[in-house]
Structure formats: C-alpha cells, structure tokens
Amino acid sequence: GVAAGTVLDPTNRQRMCDGGIVVWLRASAETLIQRAGDAVHRPFIDRDAAWMEKTAAEREPLYARVADVIVDTGQAAPDASVDIIRSSIASTDGCRGVSSR
C-alpha cells in the first residue's frame, strides 16, 4: 500500500505502475472522513468535509489513471471487498503504464 498523496507525483505514479497491479480502494469523502478517525497520525488532514471532498475530487483522475482494479469500499464488508479484489486481480494483465492512460 501507498499513502493517498503518493499519486500526486508523476514519478510515483509511474513507479506504482512499474511495481505491478494497482488496486484503488475508492470511497466517498464522507467515508474517508469517518475512516480517518482522530487522525492523530495524519496531522495534515483537515477533518472538514469540504477539504476532503476537494482533495478527493482533485486526486480521482490520477487514481483512475494508474488503477488496474477499482473497488468501491464505502458500504461493502471487508470480506466482500477482498473477494472482489482477488477475482479482479486474477483477470487483469496489470498496469499498462501511466503514459498510455
């Protein structure tokens, strides 16, 4: 796994693709705020919903560019997400490179 902001740098996006299959665990801004909890280990997160929505919207096209598999994890149980990831990975050839996306 990589930190959410990793996708902002073009070099990192290429590294992600070069590293193998990229799975984007997509969730709504509301879900991300909920999951951040107290965010003590993430002091840069402004727990404001507007900040999270803006940040998610800015990053979404970047995640989409590198993701081989996209799993919406908002309301799904973790086991269901794992099953989706496993079956999706089994049927993908892997990242074809940032430049072609």
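Let me start with a term. On a 1 Å grid over the protein atoms alone, a pocket is an open set of points with protein on both sides within 12 Å along at least five of seven lines. Residues that line a pocket have an atom within 4 Å of a point. Grid points are joined across faces, edges and corners, and a volume is the space filled by probe spheres set on the points.

Two housekeeping remarks. This is a predicted model, where local features need pLDDT of at least 70 and side-chain atom pairs count only at pLDDT 80 or more, while totals for chains, interfaces and linings use all residues. Residues are numbered from 1 along each chain as its sequence is written, and side-chain values use heavy atoms, with hydrogens and water left out.

The largest pocket has a volume of about 1000 Å³. It is lined by 32 residues, and Ala3, Ala4, Leu25, Leu32 and Tyr63 are the closest to its centre. Which elements give two or more residues to the lining? They are β1 (23-26), α2 (29-36) and α3 (49-66). Helices here are DSSP runs of H or I with at least four residues, strands are runs of E with at least two, and numbering starts at the N terminus. Helix α3 gives the most, with 9 residues. By type, the lining has 21 nonpolar, 6 polar and 5 charged residues. Nonpolar covers Ala, Val, Leu, Ile, Met, Phe, Trp, Tyr, Cys and Pro; charged covers Asp, Glu, Lys and Arg; the others, Gly among them, are polar.

Next, the overall layout. The protein chain has 4 helices and 2 strands. Their order from the N terminus is α-β-α-α-β-α. Of its 101 residues, 32% count as buried. Buried means under 20% relative accessible area, exposed means over 50%, and partly exposed is in between, with a 1.4 Å probe and protein chains only.

Back to α3. At 1.5 Å a residue, its 18 residues should span 26 Å, and its end C-alpha atoms are 25 Å apart, which agrees. The expected span is 1.5 Å times one less than the number of residues. There is a kink of about 35° at arginine 59, shortly before proline 61. The bend at a residue is the angle between axes fitted to the seven residues ending there and the seven starting there. Buried residues in α3 include Met52, Arg59 and Tyr63.

On to charges. Side chains of opposite charge can pair when their charged atoms come close. A salt bridge here is a side-chain nitrogen of Lys or Arg within 4 Å of a carboxyl oxygen of Asp or Glu. The count comes to 2 salt bridges. One joins aspartate 72 and arginine 26, at 2.6 Å from N to O. Aspartate 72 lies in strand β2 (residues 69-72) and arginine 26 in strand β1, so the pair ties together parts 46 residues apart in sequence. Aspartate 72 is partly exposed at 46%, and arginine 26 is partly exposed at 26%.

Glutamate 58 and lysine 54 also form a salt bridge, with the closest N and O atoms 3.0 Å apart. They sit 4 residues apart in α3, separated by about one helical turn. Glutamate 58 is partly exposed at 46%; lysine 54 is exposed at 51%.

Last, a contact across the sequence. Isoleucine 21 is in the loop between α1 (10-18) and β1. Its C-alpha atom is 6.1 Å from that of aspartate 68, 47 residues apart along the chain.

Definitions and conventions:
On a 1 Å grid over the protein atoms alone, a cavity is a set of points where a 1.4 Å probe fits but cannot get out, and a pocket is an open set with protein on both sides within 12 Å along at least five of seven lines; lining residues have an atom within 4 Å of a point.
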